Amino acid sequence: MDVKAEAVRDIVTPIDAATIVLLRDGADGAEVYMTVRAATMDFQPNALVFPGGKVSTGDIALLPNDPLGRFKTAAIRETFEEVGVLLAKRDGQQLTAQDVAALSVWRKQLVGHSANIDEFGIETGLTFDFDALHLISRWVTPRAMPKRFDTYFFLARMPEGQVPAPDNYEAVAASWLTPKQALLMSERSECLLLPPTYWTLKDLAEYGSVDEAIRGLVRETVEPVEPVITKKDGKTTIEVPGRNAH
């Protein structure tokens, strides 16, 4: 008999979160920017992931009339905090690497929660580029897990002229990979891919360029996908609705 792991514990309410899948065109097709989470993190340690994190109270003010406003804001903020990439403009112009480097004090303040993103935008004259975000999916952590997230995934093209700079706290290593390269690393047990990351990479692997990926994967609305953890004969399986077992 299958035993569903979530039956053995109280179900934890998911925390709102957001992720940005940063893409660029490379010699072998679209590449995605991925980081390795530090072993000290209490959620997904050592996993190969996309930049992102939980929604904070300061993320609510910027787009109060957009149901996904707090998720979009968190996605931009977390990506800046973790990997130093900022989807924003000043006077209608994209930011350069030098522009972003000059904002390092603000990056530290955001990480340390001594400032919020609304203050950041006002004080620096920045306009956050929400149009650069393309909604693709929504994933909810399995009910069996002691810590859960309700995460919206967005595609975004890597801004030209910027260079990622991981924070070396949450993200201890990072690289540009084609989706197929990342999936092959997982098959060889060279990295840990959790189901949302794995299936996002599988979807991305079907497209040869950033434009194709955006056209093929972007959705106006998304339904939550919640994997289910089952145990049978001492073996744990993660089942994803509408997908094969992973």
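Trainee: How far apart are the closest N and O atoms in the salt bridge between R24 and E31?
Mentor: This is a predicted model, where local features need pLDDT of at least 70, side-chain atom pairs count only at pLDDT 80 or more, and totals for chains, interfaces and linings use all residues. Residues are numbered from 1 along each chain as its sequence is written, and side-chain values use heavy atoms, with hydrogens and water left out. A salt bridge here is a side-chain nitrogen of Lys or Arg within 4 Å of a carboxyl oxygen of Asp or Glu. For R24 and E31, the closest N and O atoms are separated by 2.7 Å.

Trainee: Is E31 buried or exposed?
Mentor: Buried means under 20% relative accessible area, exposed over 50%, and partly exposed in between (1.4 Å probe, protein chains only). E31 has 14% relative accessibility, so E31 counts as buried.

Trainee: Which helix holds both R77 and E81?
Mentor: These two form a salt bridge, with closest N and O atoms 2.9 Å apart. R77 is buried, and E81 is too. Helices (H or I, at least four residues) and strands (E, at least two) are DSSP runs, numbered from the N terminus. The pair sits four residues apart, about one turn, in helix α1 (residues 69-83).

Trainee: How many residues apart are R143 and E226?
Mentor: R143 forms a salt bridge with E226, the closest N and O atoms being 2.7 Å apart. The pair links distant parts of the chain. R143 is in the loop between β9 and β10 (149-157), and E226 is in the loop between β12 (224-225) and β13 (228-232). Their separation is 83 residues.

Trainee: What relative accessibility does R143 have?
Mentor: R143 lies in the loop between β9 and β10. R143 counts as partly exposed, because its relative accessibility is 38%.

Trainee: How far apart in space are V49 and Y33, C-alpha to C-alpha?
Mentor: V49 lies in strand β4 (residues 48-49). V49 is buried, because its relative accessible area is 7%. In sequence, V49 and Y33 are 16 residues apart; in space, C-alpha to C-alpha, they are separated by 8.7 Å.

Trainee: Within what arc do the buried residues of α7 fall?
Mentor: Helix α7 spans residues 210-217, and its buried residues are V210, A213, I214 and L217. The arc is that of the directions from the helix axis to the C-beta atoms. Seen down the axis, the buried residues of α7 line one face of the helix, because they fall within 95°.

Trainee: Near what value is phi of H113?
Mentor: H113 is in the loop between α3 (104-111) and α4 (117-124). At 65% relative accessibility, H113 counts as exposed. Phi is positive here, in a residue other than glycine, and lies near 60°.

Trainee: Where does S189 lie?
Mentor: Phi of S189 is near 60°, a positive value in a residue other than glycine. S189 is exposed, with a relative accessible area of 66%. Its place is the loop between α5 (179-187) and α6.
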